[in-house]
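Welcome to this short tour. Open the viewer, get your selection tool ready, and follow along one stop at a time.

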Amino acid sequence: MVRRLNLRQVEAFKAVIEFGTVSRAAEIMNISQPAMSKLIAHLEEDTGLRLFDRVKGRLAPTRRGMRLYEEIDRIFAGVRQVENAVEAIRRDEQSRLLIGVMPALSGSFIQQATSRFLASQPNVFCSVQSRSSQWIADGLVTRKLDVGLIIAPIDNPYIVAEPLMAHPVVCILPLDHPLTANSVITPGDLDGVPFVSFDPESHTSRRVAQVLDAHGVAPNVVMVVNVSPTLCEFVAAGVGVSLVHPLIVGSLRDKVAIRRFEPTLQFDFQICRIRDSRNARLVDAFLDGARQAASEISRTILTPDRE
């Protein structure tokens, strides 16, 4: 008799994918390793799918396993939205600000901007969602968000946008990389060089690819990531170099070398709000915090001795 899937199996599967090993996933879920292995085995049996290959004693997700994970992750994202809605309803007596931020700004910058805001508005409940620029724009229009930080230009009469720290991309490198001897990095310097890239479909990645293709340059893309803290960590670890807006470097500025890149490739982040916002006072306060955080990054990262 076929058993129905249960939530514990799904949680175990998700944990193994996200934490890499059965032992670490078991620790996170506060169960024994044999119990974790049994949950995974029952999930494979109940679905009739081989979700993992056993490689040298470790579990490696199969193609079907990753497809299932993507579906589960979408469902859990929806559950988190419901949880956020419940929390917002519970705390209805409080003021609240709903913030959308693109993945490139989801690290140190959004933490600094939001912390500055909360320091001036201590009783406000904040929700921060890291999603695509289009998702954020849609969230603003449908009033699911109060403020958004994006990079792709948005043409919508209901959205007011202002540039946030417009600046050309810079090249970030491991501190001991040979190219740190150059004060300026050019496309030719990157030909065949190990490179850490954002998702190929992202606005940043497409713009960078256009410039490099125009110069007949093909860096050796060794890793693709979708959030800026991860990208910067891998550059700092020596995996490769990258071209990024300096705003994303944040707290890792002492762990990577930063060099100018020519020809100039201008990136303008946008800070957006809906016209006639219900939370105009709070949005204004958040915008002030975001501008201050961007200004601080300008002083600490973009000074000549850092490039």
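A residue counts as exposed when its relative accessible area is over 50%, as buried when that area is under 20%, and as partly exposed in between. Keep in mind that this is a predicted model.

Start by selecting Glu27, which is exposed because its relative accessible area is 55%.

Next, show all of H2 (residues 22-29) together with helix H3 (residues 33-47): their axes come within 9 Å and cross at roughly 105°. That makes H2 roughly perpendicular to H3. Where they meet, look for Val22, Ser23, Ala25, Ala26 and Met29 from H2, facing Gln33, Met36 and Ser37 from H3. This contact has 5 nonpolar residues, 3 polar ones and no charged ones.

Stay in H3 and pick Glu44. What does its side chain meet in a salt bridge? The partner is Arg54, at 3.3 Å from N to O. Arg54 lies in strand E1 (residues 52-55), 10 residues away from Glu44. Glu44 is buried at 13%, whereas Arg54 is exposed at 51%.

Now jump to Arg273, which forms a salt bridge with Asp284 at 2.6 Å. The pair links strand E13 (residues 266-274) to helix H9 (residues 280-301). Arg273 counts as buried, while Asp284 is partly exposed.

Finally, select Glu162, Asp288 and Arg291, which are linked in a network of salt bridges. The model's salt-bridge count comes to 10.

How values were computed: Residues are numbered from 1 along each chain as its sequence is written. This is a predicted model: local features need pLDDT of at least 70, side-chain atom pairs count only at pLDDT 80 or more; totals for chains, interfaces and linings use all residues. Side-chain values use heavy atoms; hydrogens and water are left out. Axes are lines fitted to C-alpha atoms, for helices over the stretch in contact, and angles run from 0 to 180 degrees between N-to-C directions. Helices (H or I, at least four residues) and strands (E, at least two) are DSSP runs, numbered from the N terminus. Angles under 35 degrees count as roughly parallel, over 145 as roughly antiparallel, 65 to 115 as roughly perpendicular and the rest as oblique. Contact means heavy atoms within 4.5 Å. Ala, Val, Leu, Ile, Met, Phe, Trp, Tyr, Cys and Pro count as nonpolar, Asp, Glu, Lys and Arg as charged, and the others, Gly among them, as polar. A salt bridge is a side-chain nitrogen of Lys or Arg within 4 Å of a carboxyl oxygen of Asp or Glu. Buried means under 20% relative accessible area, exposed over 50%, partly exposed in between (1.4 Å probe, protein chains only).
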